[in-house]
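Dear colleague,

I am passing on the structure below, and I would be glad if you could read the notes that follow with it open beside you.

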Amino acid sequence: MVTTNLPEVKPGLIEELLPRVSKPARYTGGEWNEIRKDRDAVDFTVALAFPDIYDIGMSNFGLRILYHVLNQRPDIAAERVFAPWVDMEAEMRRAGVPLVSLETRTPLREFDVVGFSLSYELTFTNVLNMLDMAGIPVLSTERSDSDPIVLAGGHCAFNPEPMADFIDAFVIGEGEEVVIEIVDALKDLQGQGRELKLRRLAGIPGVYVPSLYSVSYNDDGTIAAVSGVSGGPPPKVSKRVLADVDAAPYPETLIVPWVQTPHDRVALEIMRGCTRGCRFCQAGIITRPVRQKDRRLLMRQAQELLACTGYDEVSLLSLSSADYDEIAALVRELIDKHSDDRVGISLPSLRVDADCVALVAEIERVRKSGLTFAPEAGTQRLRDVINKNVTEDDLLAAIAAAIDHGWRRVKLYFMIGLPGETDEDVLGIPELVHKVPRVAREKRKPLSVNVSVSSFVPKAHTPFQWRPQDTTAEMERKISILQSGLKGRNIQLSWHSPTGSLLEAVLARGDRRVGRVILTAWLNGCKFDGWDELHDWSKWLAAFDANGVDPAFYANRRRSYDEVLPWDHIESGVSEHFLMVQDRLADAAKPIGDCRDGVCLNCGVDELLPDEHSCAARCADVH
Amino acid sequence: MNTHAQRVALTYTKTGAARWLSHLDLIRTLEMAIRRAKAPIAYSQGFNPRPRLSFGPPLPLGATSSAELAALKLDSPADPRQLLDCLNAQLPAGIQITDARVVPESDPTLPAIRGSSYLVRVLCRAADPAHALQKALGDFLAHNEVIAERIDKRVMKRVDIRAGVESLEIVEVNENIAVLRMRISHAGRQITRPSEVVQAISRSMAIEMLSIHREFFY
């Protein structure tokens, strides 16, 4: 059995460990607005698990929605659990304390369901580690009827295969509605065997039970077929999507974390989906269609959440908040209503244009932070390849506006290794960046520029899902081009670890054989792989070797259109045909417009919604 | 100058889960409770206005207290009793205000504090804990100087912890658990920590610290 040696459960000892760990407030629970229920008075318990530390997990919006949706039901208790940081883990293992929930300090293995939120591939080993710390077998096949059902959802569930050995059932798409259907089905079957429960779950739309499917391979290592067991599950699992975001359950209260988190403010989700159509962007595809929340409803929710938390900032959350139709009116109304209470408004995602800068200038009383823009690529040709509809003029106009409005610091995001990139495109980054301080010099204002560079990671369900990633040697070569090209007193360059990007690429587009590598890497001690101080590529390399798996097969190989992709049986609602057309347009460096500006591009997602909520119906409202 | 301004001194507890809050997180917790309570707190001037809130000496992380001090400035007068009630309704478990009183503007922000009185619970492994403790405390107090090593901004420092200990006594011994009372001065730059005193005593007898509680300032 695959577990590390965990002594018998001794709960209630957390307190004794706290004096010896950093930031002990991560582990106490008891925050303002925490929901703590009497476990004897509920019929069903869910542990909402986030495979990273408290500070990061408490900033996750999906977790907060599910916490609310589940706890709204009097018969269900949902409690939280996060990955203990390494110092706390060492103390817990030494003292034989299992992983427990924050609310009632109940060991995880006493819950009916443990549900993980998978928003980042480099948290996968933490899932295994948390299961192990909880005394739950990490392999799905080794769990018994007395173990919890282990679920996972979030963006990474759109290619569930690498985690298929460890997760009993995946939730594909938006969780608010399906999570209740899952709980009701399991409640119905309490006391019954696991297999029956999993078969029942597989019948719920949007739920994928990997053990009910088998994968066969071709001689060249590609997938021959993914087939469901007999009498079993649907051949394809389609994502869940809310038809009416205004009617969707929404947190009426938010837990106020004990410690300051990266997003220490009220997060108000104003819109789901994005129609910009950047060809590398997974979120932009899998969260389609665009659905905007009603402005009056948002005003009410902002009011409620500010009052119950005491936060002094509301962040308008979405993939592209400036694209919310009534953004200016919403912002103005929020300011009018809350500025007397010293509440600030912020827009986390900024469009590269001067109007958008002017809007942010209006709402930020204090220029406390820099402005961030994402041109993504250094030349117009490459921006056309990725369909990032931003020009150099847009960027420089936005920079000029930022300087005029008093900002003295900007951050620019770029990617290297995008499809079809040449050295000329890489050199285009410093060329473009150097024009930025020039704008400031002309205005006789100081400006510091932070340039953040990441390596392109091809993701499932995007037009670039067939594309190869650069090798790490190539990434390093391009980074050194940038290092020598980006000189200047006020220019700072930072970049992501190439091996981290490679690992992300393997985990993002891997198949079930990658699961063995994840298991070995975790057994070798890998965890918190996204944290530079703990990222250990040599251990991963050993794990790939030990399992005879070549990372390049997953990361650096151009896949053909007729290859069966590991995630082909998971449907985002966007057709493969649309993705192929976009991929070919990329080869021709042809951008397309935003479908909200006019013509429907027939991505296919509309078929997921009933007619009255279709994109067509919404477009008709607007135009 | 706002003629309606009023200053209120608060005494509050820090117990339960809240005792694991760092000083910065505690400040944040109180600021947010004040906002939830809609207390008419005054804000500083300038580009980034902050609530006018000041705090007494921070507690060691993990220590409990029944006597923490804070002072806040209000824009408009409020009845201290009502302020106490509505703040307590918005404070998480473990932080409760036990006293709120209006103080004159002319007073210093916080009353002069000479030192803290701590109750420290320890586990003694000696055969006769009361006797062994008596002797160990006597030895500690008999020294003019007791040097402890302390990591300060990643640098190991040697500091004298004896001078800051104004009194040290046994309150009770119950089997192998003892409660000590120590009065520690806040004068000087290097303030002695209760844990350092226990650490020093543990050099001459087998004791282990269990908990620290600040009972009052003096």
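A salt bridge here is a side-chain nitrogen of Lys or Arg within 4 Å of a carboxyl oxygen of Asp or Glu. By that rule 2 salt bridges cross the interface of chain A and chain B, and in one of them the side chains of B:Arg19 and A:Glu15 meet at 3.2 Å, N to O.

This is a predicted model, in which local features need pLDDT of at least 70 and side-chain atom pairs count only at pLDDT 80 or more, while totals for chains, interfaces and linings use all residues. Residues are numbered from 1 along each chain as its sequence is written, chains are lettered from A and ligands numbered from 1 in the order in which they are written, and side-chain values use heavy atoms, with hydrogens and water left out.

The contact (heavy atoms within 4.5 Å) takes 25 residues from chain A and 20 residues from chain B. Together the two chains bury about 1900 Å², 59% of it on carbon and sulfur atoms, where buried area is the accessible area (1.4 Å probe) that two parts lose on being put together, summed over both. Of the area that chain A buries against chain B, 37% is supplied by A:Trp32, A:Trp258 and A:Arg342, more than any other three residues.
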